[in-house]
Amino acid sequence: MIFVVDYDGTLVEEIWPRGDKPRWIPGALDAVRALLDSGHDVIVSSCRNNPAVAPEGDWQDMLNELERVGLSGRVHVDDGKHGKPYGDVYVDDRALSLGSRLVVGSTWYRVREMFATFEGGGIHG
């Protein structure tokens with residue numbers, strides 16, 4: 001399966017001003033790694049490459065963070081220039097009414113339980 005996952009507010013807490021070290025949502029990084037290890041594809045989607053909504057440097061900050069945690073080269077990164085990427089499952093804090101951060105973390109554990117052990121094709125398979 002192909003998972004399209006938003007970065008800000010879904011994988012990491014939204015931090016303003018940007019530039020501070022991102023704080024990962026509890027369970028998000030482990031869930032993404034489990035999905036990848038189970039053969040799923042993960043596309044990280046973000047509007048950070050859009051100068052109308054994100055300050056200069058935000059895009060590179062996100063890429064640097066994905067590299068720091070070992071996801072660079074393992075996940076696909078959508079630059080937002082070609083519309084919404086195709087996926088089987090979309091995980092986005094703005095698409096679901098998740099409430100508090102505690103609930104968001106719980107949601108990631110549910111995603112991991114539901115899909116990490118399910119063999120999926122995805123982009124490469």
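Predicted model: local features only at pLDDT ≥ 70, side-chain atom pairs only at ≥ 80, totals over all residues.
Let's start with the surface. The accessible surface of this protein comes to about 7,000 Å², and carbon and sulfur atoms hold 51% of that.

Now the layout. The protein has 3 helices and 4 strands. Along the sequence, the pattern reads β-α-β-α-β-β-α. There are 125 residues, and buried ones make up 46% of them. Next, contacts. Take those with a separation of 6 or more: 75% of them join residues 24 or more positions apart.

On to the core. The largest nonpolar core has 26 residues. Phe3, Leu11, Trp24, Val42, Leu71 and Trp108 have the most contacts inside it. Which elements supply at least two residues each? Strands E1 (2-6), E2 (41-45) and E4 (89-91) do, and so do helices H1 (28-37), H2 (58-68) and H3 (101-115). H1 gives the most, with 6 residues.

Look at Leu11 for a moment. Leave out residues up to four places away in sequence. Leu11 then touches Val5, Asp6, Trp24, Ile25, Ala28, Val32, Val44 and Trp108.

Stay with H1. Is this helix largely enclosed or open? Of its 10 residues, 7 are buried, so H1 is largely enclosed by the rest of the structure. The buried ones are Ala28, Leu29, Ala31, Val32, Ala34, Leu35 and Leu36. After H1 comes Gly39, with a positive phi near 95°.

Now the rings. A pair of aromatic rings is described by the distance of the centres and the angle of the planes. Searching the whole structure gives 1 aromatic pair. The partners are Tyr7 and Trp24, edge-to-face, 6.4 Å centre to centre, with 90° between the planes. Both Tyr7 and Trp24 lie in the loop between E1 and H1, so the pair ties together parts that are 17 residues apart in sequence. Tyr7 and Trp24 are both buried.

There is also a charge over a ring. The charged end of Lys84 sits over the ring of Tyr90, 4.4 Å from the ring centre.

Last stop: Asp78. Where is Asp78 placed? Strand E3, residues 76-78. Why do we call Asp78 buried? Because its relative accessible area is 13%, and the cut-off for buried is under 20%. What is Asp78 in contact with, leaving aside neighbours within four places in sequence? The list is Ile43, Val44, Ser45, Ser46, Trp59, Gly83 and Pro85. Val44 comes up again here: Val44 is touched by Leu11 and is in contact with Asp78.

That's the tour. Over to you.

Definitions and conventions:
Residues numbered from 1 in each chain as written. Heavy atoms only, no water. Buried < 20%, exposed > 50% of the residue type's maximum accessible area, 1.4 Å probe, protein only. Contact = heavy atoms within 4.5 Å. Areas by Shrake-Rupley, 256 points an atom, 1.4 Å probe, with all protein chains shown as cover. Core = buried A, V, L, I, M, F, W, Y, C linked by side-chain atoms within 4.5 Å. Phe/Tyr/Trp six-rings, centres within 6.5 Å; stacked < 30°, edge-to-face > 60°. Lys NZ or Arg CZ within 6 Å of the ring centre and 35° of its normal.
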